[in-house]
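Thanks, everyone. Let me put the sequence and the structure up, and then I'll talk you through them.

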Number of protein chains: 2
Amino acid sequence: MDELVDHIRALISEGGLKVGDSLPTEKELCERFGAGRNTVREAMRMLKTYGVVKVRPKIGAVIIDERMARAFDLFSFNTLEVSRETFVDIQGFRSLLEVASFETLFDKVTARDIADLHQVNRELLNAKTAVDASEVDFRFHTRLVAVMGNKAILDVYKIMKPVIMKIMLKAKTLHTFSTVTYAEHAEIVDTLERRDRTAYQYKMKSHLDAGFRHFVD
Amino acid sequence: MDELVDHIRALISEGGLKVGDSLPTEKELCERFGAGRNTVREAMRMLKTYGVVKVRPKIGAVIIDERMARAFDLFSFNTLEVSRETFVDIQGFRSLLEVASFETLFDKVTARDIADLHQVNRELLNAKTAVDASEVDFRFHTRLVAVMGNKAILDVYKIMKPVIMKIMLKAKTLHTFSTVTYAEHAEIVDTLERRDRTAYQYKMKSHLDAGFRHFVD
DNA sequence: CACCCTTATTGTTGGACAAATAAAGGATAA
DNA sequence: TTATCCTTTATTTGTCCAACAATAAGGGTG
């Protein structure tokens with residue numbers, strides 16, 4: 001089965017197929033790889049959930065690239081309780097991306113970045129619900145990570161959104177967001193603007209830890 | 001179909017099922033939702049590729065949470081034609097994961113880690129081809145990242161493997177691997193063992209930059 | 001151009017058998 | 001008797017096949 005998926009993937013990459021191109025029909029795939037139609041269908045179902053192909057009746061399978069969207073889907077179903085280990089790992093990852101990255105951050109940050117960060121942070125005061133506030137909170141941190149100008153890092157950060165938002169929501173009330181969180185963000189942006197390495201690391205680390213401390217229970 | 005997936009997801013969340021619990025058998029799901037077995041199987045296949053369930057014959061479907069690993073599987077496709085920006089971004093990411101992470105590394109590193117790193121590095125001397133050597137090279141760096149004990153970070157690093165290996169291969173010959181690379185690795189492990197922060201950062205940064213410098217053309 | 005018909009392809013169902021494996025039962029030895 | 005190992009059995013998933021429904025492109029007709 002996994003072998004069949006690999007075959008089809010090889011068909012795509014080695015065949016030089018690009019987004020928009022069509023794959024052979026199910027029947028042809030059956031013949032080419034000597035598999036039953038159900039097996040081929042399950043393989044295609046996997047590629048479909050990966051966001052690599054789009055299948056429609058009569059049309060067939062067309063190559064797409066919606067993997068990023070699928071990655072979000074993955075974590076959007078909160079039906080599953082995120083394991084404690086995952087939480088700890090994600091928080092450690094954030095610490096690396098937002099605290100340990102300070103050299104790059106300080107190197108790349110511009111006045112525009114500072115202004116944007118302040119503005120996003122101000123939106124925290126207008127949030128009507130805790131969920132709204134956590135959305136803004138996440139936008140703030142995303143904007144900070146974006147300062148580095150590294151798309152790979154930014155994509156990874158965005159994928160972690162659902163888990164990060166759970167951490168935020170678990171730790172804070174609407175009131176906390178508009179007071180404590182707002183003030184901490186403001187301080188962080190200030191240290192960034194002043195290029196104060198020590199203060200930045202201290203403030204950001206405290207900020208992340210604070211959000212996480214309540215969660216440990 | 002998507003409806004059926006939603007049903008099963010509801011079954012998990014509303015049934016309060018947790019990681020380790022079992023789902024009903026395919027037959028039961030067919031009866032409960034009035035669907036054919038192949039349809040149920042395709043729905044389960046989706047959940048499987050999401051990393052939410054693990055299915056084994058006779059055992060049935062058990063709930064797991066490997067979504068993080070799956071999310072990064074998504075990007076193991078299409079390593080063809082990596083753009084220059086991607087290369088630069090990945091290299092920046094590596095710098096974050098391997099250099100800027102030194103605090104965590106120094107905090108977590110054990111004698112076992114040091115021994116493993118030395119052993120992997122020694123394998124570099126036995127490599128027969130440049131491709132073999134780059135495999136070992138990647139294993140060395142993976143083992144280093146693994147020291148942090150963070151599964152999310154390790155998963156991300158593994159995804160970047162195809163791109164990282166391209167960088168390694170482009171920069172080095174078999175001879176370079178067994179002389180320069182081997183020596184640099186050994187030095188890095190030594191600084192890690194001595195907990196020499198300054199030297200570690202300098203050596204590792206130089207090592208990564210050296211591998212990348214030849215690539216910029 | 002609008003409409004209908006044909007036809008090819010995917011979507012779903014049911015049934016059959018193979019493969020895997022947990023559970024039950026039986027044989028053997030201490 | 002008890003424990004251990006092996007065999008058998010039963011259940012569940014894995015794969016295949018055949019049939020029909022649903023969908024939509026393409027062609028023919030007015």
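Start with the hairpin in chain B. Strands E1(B) and E2(B) form it, with 3 residues between them. In the turn, B:Lys58 has a positive phi of about 70°. E1 covers residues 53-56 of chain B, and E2 covers residues 60-63. The two run antiparallel and are joined by 4 bridges. B:Val53 stands opposite B:Ile63 in E2(B). On terms: strands are DSSP runs of E with at least two residues, helices are runs of H or I with at least four, and both are numbered from the N terminus. Two strands pair if DSSP finds at least two bridges between them.

A word on ground rules. This is a predicted model, where local features need pLDDT of at least 70 and side-chain atom pairs count only at pLDDT 80 or more, while totals for chains, interfaces and linings use all residues. Residues are numbered from 1 along each chain as its sequence is written, chains are lettered from A and ligands numbered from 1 in the order in which they are written, and side-chain values use heavy atoms, with hydrogens and water left out.

Now the hairpin in chain A. E1(A), residues 53-56, and E2(A), residues 60-63, pair in the antiparallel sense over 4 bridges. A:Val53 has A:Ile63 as its bridge partner in E2(A). Again there are 3 residues between the strands, and A:Lys58 takes a positive phi near 70°.

Next, chain A as a whole. How many helices and strands does it have? There are 12 helices and 2 strands. From the N terminus, the order is α-α-α-β-β-α-α-α-α-α-α-α-α-α. The C-alpha trace spans about 65 × 35 × 30 Å along its principal axes. The radius of gyration of chain A is 22 Å, whereas a compact globule of 217 residues would be near 17 Å. That radius is taken over C-alpha atoms, and the globule rule is 2.2 Å times the number of residues to the power 0.38.

On to contacts and surface. Contact means heavy atoms within 4.5 Å. Among contacts in chain A with a separation of 6 or more, 68% link residues 24 or more positions apart. Of its 217 residues, 47% count as buried. Buried means under 20% relative accessible area, exposed means over 50%, and partly exposed lies in between, with a 1.4 Å probe and protein chains only. Chain A exposes about 10600 Å², and carbon and sulfur atoms supply 52% of that.

Is B:Arg45 buried or exposed? B:Arg45 is buried, because its relative accessible area is 7%. B:Arg45 sits in helix H3 (residues 37-50) of chain B. Leaving out residues up to four places away in sequence, B:Arg45 touches A:Met1, A:Glu42, A:Arg45 and A:Met46.

B:Arg9 is in helix H1 (residues 2-14) of chain B. B:Arg9 counts as partly exposed, because its relative accessibility is 23%. B:Arg9 and B:Leu47 are 38 residues apart in sequence, and their C-alpha atoms are 8.7 Å apart.

Last, A:Ala100. It lies in the loop between helix H5 (84-98) and helix H6 (102-108) of chain A. A:Ala100 counts as buried, because its relative accessibility is 18%. A:Gln201 is 101 residues away in sequence, yet 7.6 Å away in space, C-alpha to C-alpha.

How values were computed:
Accessible areas come from the Shrake-Rupley method with a 1.4 Å probe; for residues, only the protein chains shown count as cover.
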